[in-house]
Amino acid sequence: MASQDWFEKDFYKTLGVSPDADDAEIKKAYRKLARANHPDQHPGDEAAEQRFKDIGEAYQVLSDAESRNEYDAVRQMAAGGARFTAGAGGPGGGAGGFEDLFSAFGGGGPAGGQRVRYSTGGPGGQQMGGEDLEDILRMFGAAGGGGGFGGAGGGFGGQPGFGPGGAGPRQAPPQRGENLDAQVTVGFHQAMAGDKATVRQADGQTTTIKVPAGVKDGQRIRLKGRGHPSPTGGPAGDLMITVHVRPHEVYRREGDDLVLDLPVTFAEAALGAVVSVPTWDGQSVKVKVAPGTPSGRRLRLRGRGAPTKNGAGDLLAEVHVTVPTDLTDAQREAVETLRAADESDPRADLATRAAS
């Protein structure tokens, strides 16, 4: 929304960007300045609070294409601190005169050819012949054939922004505050069970959150309204927290399933056995290893995996047959007897399959 003080405020300078800066540059500059001048960082500092408000006002105007077009048009009209005087041939009636501005916008001047005086200094602020500037601007909007300078577009130089028929400037809706990003690292069991964790933000503030049970590594948690406040009275942004889960020595995660390596002896794998499998919550479950179970086979324990909103995943026990390294004489004799009795060749078709 156009404002009288736009003639005196340099929003580009406030944000430290050039007039041809793109949206990304403007947003980056605003976020950096807003974080540095946030009132929470300078409690009781009225100057910092004012800087924060100025930064928010500048971003509100420059981040909206329609408002920025209006602002740039106002700055062009006020370029060089121009003064406009009444009377034909009077001071200011030349190249910098008010009629030239009307000509630039496609019109010959105010109704009846009367000139008005504009001055940025002195008591009373920005006035045109004793009239309030916004009233004058609305008058121009009503006089033009299309609701603005040049007779079309509803704004300066055909730019949108002022309502047709002198309806006055349109109020931009309040903008939402920027989101804040933060990270937190939790242990495996803390992630499985769900627990409280302390999040330290970039500005040094801390927030305690409840980690949902079964949270995954890299999962993001949103805390609504805990981000940057709005510079224009709108809702605050959100705090976006990325959760990192430390790897565990025994368990690894595959989706909602947990996987562990289950060591078994050669005899247990060959003859079959019932063995205990530990679960993440400190319990243990008996599982049957079938005779002749090879290494790599997975035994599924349903509902013993990572908890989720729709139930828990499964626990997969991956069998790994251990080979003894220090055999007693009796063990060696038993293994040699087994070898002598075993006439099978597990590599019989290996060469054929390798050549195909």
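Predicted model: local features only at pLDDT ≥ 70, side-chain atom pairs only at ≥ 80, totals over all residues.
# Helix packing, sheet edges and buried loops

Visitor: Which residues make the contact between helix 2 and helix 3?

Guide: Helix 2 gives Ile26, Lys27, Tyr30, Leu33 and Ala34. Helix 3 gives Phe52, Ile55, Gly56, Tyr59 and Leu62. Contact here means heavy atoms within 4.5 Å. These residues divide into eight nonpolar, one polar and one charged. Gly counts as polar and Lys as charged.

Visitor: What is the handedness of the crossing of helix 2 and helix 3?

Guide: The crossing is left-handed: the near helix is turned anticlockwise from the far one by less than a right angle.

Visitor: What makes strand 6 and strand 9 edge strands?

Guide: The open sheet has the order 6-10-9, with mixed pairing. Strand 6 (180-186) and strand 9 (220-223) each have a single partner strand, so one side of each lacks a neighbour in the sheet. On average, neighbouring strands here are turned by 25° against each other, direction ignored.

Visitor: How do you know that strand 9 and strand 10 pair?

Guide: Pairing takes at least two DSSP bridges. Strand 9 and strand 10 (residues 239-245) have four, in the antiparallel sense. Leucine 223 stands opposite leucine 239 in strand 10.

Visitor: Is glycine 237 buried or exposed, and how do you know?

Guide: Glycine 237 has a relative accessible area of 0%. Buried means under 20%, exposed over 50%, partly exposed in between (1.4 Å probe, protein chains only). Glycine 237 is therefore buried. The residue lies in the loop between strand 9 and strand 10. Beyond its neighbours within four places in sequence, its contacts include Arg176, Glu178, Lys224 and His228. Gly227 is another of them; glycine 237 and glycine 227 are 10 residues apart in sequence and 4.3 Å apart in space, C-alpha to C-alpha.

Visitor: Why does glutamine 175 count as buried?

Guide: Its relative accessibility is 19%, so glutamine 175 counts as buried. Glutamine 175 sits in the loop between strand 5 (168-169) and strand 6. Residues touching glutamine 175, not counting those up to four places away in sequence, include Tyr59, Gln60, Ser230 and Pro235. Tyr59 also belongs to the contact of helix 3 with helix 2.

Visitor: What makes strand 11 and strand 15 edge strands?

Guide: This open sheet of four strands runs 11-12-16-15, with mixed pairing. Strand 11 (252-254) and strand 15 (298-301) have a single partner strand each, so one side of each is left without a neighbour in the sheet.

Technical notes:
Residues numbered from 1 in each chain as written. Heavy atoms only, no water. Helix = DSSP H or I, 4+ residues; strand = E, 2+ residues; numbered from the N terminus. Axes fitted to C-alpha atoms, helices over the stretch in contact; angles between N-to-C directions.
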